[in-house]
Amino acid sequence: MIAARLHAFGDVLSIEPLDLRMPAPDEVQLEMIAAPVNPADLNIIEGTYGRLPDLPATPGNEGVGRIAILGAEITHLQCGDLVAPLDPGSWCSRRNVRADRVIPLPAGIDVHQAAMLAINPPTAYALLHDFALLETGDWILQNAANSGVGRCVIQLAHRLGLRTLNVVRRAELAAELQALGADRVVTEDVDLRRDGAALMDGAEARLALNAVGGASALNVANALAPGSPLVTYGAMGRQPLKIPNGLLIFRGLNFHGFWLRRWFDTKPAAEQQRIFGLLAGMCLDGSLRVPIHRVFPLRELHAALREAAAEGRGGKVLLDPRSA
Ligand SMILES: NC(=O)c1ccc[n+]([C@@H]2O[C@H](COP(=O)([O-])OP(=O)(O)OC[C@H]3O[C@@H](n4cnc5c(N)ncnc54)[C@H](OP(=O)(O)O)[C@@H]3O)[C@@H](O)[C@H]2O)c1
């Protein structure tokens, strides 16, 4: 098998041939099909992420593969099944994973969408369900709305009957996001303290989702109803949150952080499976989808990483270990 290998944080990755042992009794061996390059992967490579692997390591926090070999104890999965591993190490052509650490996927699912199922869709689900008691017709607000998470939020919120006010950096994305179910799309220069209520038909938002930080986070906080939460789950702008005291004292806003890793550690396994079942079903029927910017062969990893780090992409960059 071949794998991308990181030997030092901030260093250039190499593609290396590696020996792979047979799977242990509680493992399956996967032939990998595709894996995305997410912002967290880039942060891990540069050594700035919240949890870093022991080195050398194979990056790739999610992906999709087909079961090639079953461990001796595995009876609930079959060779040929399509699964998404939950643990890092997916930028490779083959890997062993514990059978209880994969999401079984329905036959017929689009493999590229399936490769992006394990992180952004459950993040969007948790952001919408775990921080506010929302009712049909309520407004939610988010920045980086054209990101993978942002698009999942739009599609899940639309399904739940919630309305979304979406902040993006590029005005030309409005029609694309409206086609997914976005109610309003505005650019970052719109002052939501002044214009938020008009954009939300006179209402104030019940939940704000922040993946940028800095002035962008304050802008969405300014259009929240008193007592509502702002949840920070990303820091694409790399600027800290600066919250005026009045938003805490007079408007009683609540500020939270979300990390999927913590969610995995605290959500009961049966509940995780139920949520992944719902999300996989939406991928299968096409109601949950994220655009793909480009699929690179794994051997073109460096070009793929450059493209993934660039601003203004048209969707996710994926790696395919099968192509030459
Ligand atoms: N906390 C968690 O558990 C968790 C889980 C999943 C994701 N995340 C985080 O969520 C964020 C989005 O992830 P993703 O996979 O959805 O991202 P993605 O699909 O790669 O999209 C990145 C987004 O960030 C925007 N962006 C980049 N630099 C920016 C800046 N300086 N100011 C404002 N916007 C900027 C991009 O806008 P353009 O298209 O205009 O360039 C794009 O909308 C990342 O920070 C990621 O680490 C966190």
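How many residues of the shell around the ligand are nonpolar, polar and charged?

## Ligand shell

The shell divides into 13 nonpolar, 9 polar and 5 charged residues; Ala, Val, Leu, Ile, Met, Phe, Trp, Tyr, Cys and Pro count as nonpolar, Asp, Glu, Lys and Arg as charged, and the others, Gly among them, as polar. The structure is a predicted model, in which local features need pLDDT of at least 70, side-chain atom pairs count only at pLDDT 80 or more, and totals for chains, interfaces and linings use all residues. Residues are numbered from 1 along each chain as its sequence is written.

Around the ligand stand 27 residues, of which Ser 147, Gly 148, Val 149, Gly 234 and Leu 260 come nearest (near: C-beta atom, placed from the backbone, within 6 Å). At least three shell residues come from each of domain 1 (2–116 + 290–320) and domain 2 (120–261), with bounds from an automatic or database domain assignment. Helix 1 (39–46), helix 3 (120–129) and helix 4 (148–160) each supply at least two; helices (H or I, at least four residues) and strands (E, at least two) are DSSP runs, numbered from the N terminus.

Six strands form an open sheet in the order 10-9-8-11-12-13, with parallel pairing (at least two DSSP bridges between two strands). Its edge strands, each pairing on one side only, are strand 10 (184–187) and strand 13 (254–257).

Strand 11 (residues 207–210) and strand 12 (residues 229–232) pair over 3 bridges in the parallel sense. Asn 210 has Thr 232 as its bridge partner in strand 12.
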